[in-house]
Amino acid sequence: MSEPQVSDPAVEAGATTRTVPSRRMGFYLTPRQAFLAMAGVLAVLLVGLLGYLWWITRPADFTTEGGGVQGGLVPRVAVYGPGKGEAMRFDQPMGVAWNRAGDRFYVADARNNRICVFDAQGRPVTEFGSFGVAKPLEGAQRTWDPGELSYPVDVAVADDGTVYVADFYNDSISAFTPEGRFIRRFPDPYVPTGRGSSGANGGGIAVTAIAAVGGLVYATDSYQVFVFDSDGGLVRQFGRPGLGPDGLDRPGGIAVDRDGRIYVSDSNHNRVKAYTSDGQVIWVTGRPVSGLRSQTKNPFVLPRGLTIMRDGSILVADPLAHQLIRLNRDGKVVAQYGVRGTSEGQLNFPNDVSVHSEDVLVADRQNQRVQIVNLSER
């Protein structure tokens, strides 16, 4: 027997019917539900944005302390920038230097065209320098005013507190008081220096590294070492292009001990050299190579900034090895420190070092910070 037919009066009367989508037909929101969902998403994004802004501006992001031993380095302080002003963070910190008292350090913040000054705990003290072009490209305007910089790659502090800055693209060295008042620049970037130099159009020197010891200022350019007095007068120069013991190729670091011995990182030749005060080679560690260090067993990949330790040994920053390498006064490798990474105490293309007492200051370039570390003999 068939089921009885039941009529729907509304249908029989011709009423309009509406089909309600079933759950199997897809997700459905009413306009009110869609509006509330969108408002919720926007609220989450707003909270996330506020959190991000807080994170990048919080004080702890600019100075951190402590951490575990990393490859023989004991981290004390990491500084990511002054934390105030137009540029709160470093952008390519290339050079670092302690003052003689060890109560201040200076950072050559290359892409921000400035020198940042901090106390020994990493608290910002002041900054100086701004962008100015002394040697523009053809057709462009010269904009340099005294105290302006164009890509400062190194900084050195003399015993009297005078701060010397390697002003790379302006082909000169600028001298400042400890607080950043401009004193002078030398050599003249528009005139050849000594027997010849590597500045644009033959004027000045494309200075790559500097040191200030005993009333003299030492600088490297593409293939030479220059020695100036404190007034900027040229005292001597030595070096030449070439692969021989006295040849240089883009030296990226220079340091001078109290006996006047000069140490130079012959960067593109993968070696470090010691000279007498008048430029005679004493020893060479490393050699020009091609290929990876692991294949050649060369102690250096790309040695750059270096500093003299209290015992007279030499500590060298090697950015491509992500290490600090220590040599004794005879040029023998006695220790290696560091592992690559972003944690405190780790290194990522370290470009320069400076030491005061037991505190080693490192320009940790690609981590966009400087670090104060102690060395741990493993």
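**Basis and overall make-up**

Helices (H or I, at least four residues) and strands (E, at least two) are DSSP runs, numbered from the N terminus. The structure is a predicted model, in which local features need pLDDT of at least 70 and side-chain atom pairs count only at pLDDT 80 or more, while totals for chains, interfaces and linings use all residues. Residues are numbered from 1 along each chain as its sequence is written, and side-chain values use heavy atoms, with hydrogens and water left out.

The protein chain holds three helices and 25 strands. Of its 378 residues, 50% are buried, where buried means under 20% relative accessible area, exposed over 50%, and partly exposed in between (1.4 Å probe, protein chains only). The accessible surface of the protein chain is about 18800 Å², and carbon and sulfur atoms account for 53% of that area; the Shrake-Rupley method with a 1.4 Å probe supplies these areas, and for residues only the protein chains shown count as cover. Contact denotes heavy atoms within 4.5 Å. Among contacts in the protein chain between residues at least 6 apart in sequence, 46% join residues at least 24 apart.

**Strand β1 and T64**

T64 belongs to strand β1, residues 63-65. Its side chain makes a polar contact of 2.9 Å with that of E344. A polar contact is a pair of N or O atoms within 3.5 Å; within protein, one must be able to donate a hydrogen and the other to accept it, and residues adjacent in sequence count only if both atoms are side-chain atoms. Neighbours within four places in sequence aside, T64 is in contact with R76, V77, A78, Y80 and E344.

Two strands pair if DSSP finds at least two bridges between them. Strand β3 (residues 93-98) runs antiparallel to β4 and is joined to it by five bridges, with W98 opposite F105 in β4. The hairpin of β3 and β4 has five residues between the strands, and G102 in the turn has a positive phi of about 75°. Six bridges join β4 to β5 in an antiparallel arrangement; D109 has R114 in β5 as its bridge partner. Four residues lie between the strands of this second hairpin, where N113 takes a positive phi near 55°.

In β4 (residues 104-109), six of six residues are buried. R104, Y106 and A108 cover one side, and F105, V107 and D109 the other, all of them buried. In a regular strand, side chains alternate between the two faces of the sheet. V117, in strand β5 (residues 114-119), counts as buried because its relative accessibility is 0%. Residues touching V117, beyond four places away in sequence, include R104, F105, Y106 and F128.

**Nonpolar cores**

A nonpolar core is a set of buried Ala, Val, Leu, Ile, Met, Phe, Trp, Tyr and Cys residues joined through side-chain atoms within 4.5 Å. The largest has 19 residues, and Y164, I173, V207, I210, A219 and F228 have the most contacts inside it. At least two residues of this core come from each of β7 (152-157), β8 (163-167), β9 (172-176), β11 (209-213), β12 (216-220) and β13 (225-229). A second, separate core of 14 residues includes V77, V96, V107 and F118.

**The four-stranded sheet**

Four strands form an open, antiparallel sheet in the order β11-β12-β13-β14. Its edge strands, β11 and β14 (234-238), each pair on one side only. Four bridges join β13 to the antiparallel β14, and V227 stands opposite R236 in β14.
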